[in-house]
Amino acid sequence: QIQLVESGGGLVQAGGSLRLSCAASGRTFNTYAMGWFRQAPGKEREFVAAIRWSGGSADYADSVKGRFTISRDIPKNTVYLQMNRLKPEDTAVYYCAASTRFPVINPNYWGQGTQVTVSS
């Protein structure tokens, strides 16, 4: 079992930055691929970014490439999402996810989500 707890969401102006954190508990954390998804009001949940358990490969949605960076700290059991040059359309609840496979398409575990609001 893996438990995921997100933090770092908040309100930011367009053009600003936020860093989301996802703390994971579970002995096999470093064997999972980790990802971030988001869900805006009235829309389906969508993929944002993912990273292999080795940390060597990352995958991004086209809408965030060049602006967001995913990283992980295995000793700290934490994955991060650095979000720069934020846009109002990035407003959503952001979810951390863990998957036994990469690319991360159907995660095995989900966090509870953290709200990100970008004002124009």
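A salt bridge is defined here as a side-chain nitrogen of Lys or Arg lying within 4 Å of a carboxyl oxygen of Asp or Glu. In this predicted model, the structure contains four such salt bridges.

| Pair | N to O distance |
|---|---|
| Arg38 and Glu46 | 2.7 Å |
| Lys65 and Asp62 | 3.2 Å |

**Arg67 and Asp90**

Arg67 is placed in the loop between β6 (58–60) and β7 (68–73), while Asp90 belongs to the loop between β8 (78–83) and β9 (92–99); the pair therefore ties together parts that are 23 residues apart in sequence. Arg67 is buried, its relative accessible area being 6%, and Asp90 is likewise buried, at 1%. Through salt bridges with shared partners, Arg67 and Asp90 are joined with Arg38 and Glu46 into one network.

Glu46, with a relative accessibility of 36%, counts as partly exposed.

**Lys65 and Asp62**

The salt bridge between the side chains of Lys65 and Asp62 has an N to O distance of 3.2 Å. Lys65 is partly exposed, with a relative accessible area of 48%. Asp62 reaches 67% and is exposed, since that class requires over 50%.

How values were computed:
Residues are numbered from 1 along each chain as its sequence is written. This is a predicted model: local features need pLDDT of at least 70, side-chain atom pairs count only at pLDDT 80 or more; totals for chains, interfaces and linings use all residues. Side-chain values use heavy atoms; hydrogens and water are left out. Buried means under 20% relative accessible area, exposed over 50%, partly exposed in between (1.4 Å probe, protein chains only). Helices (H or I, at least four residues) and strands (E, at least two) are DSSP runs, numbered from the N terminus.
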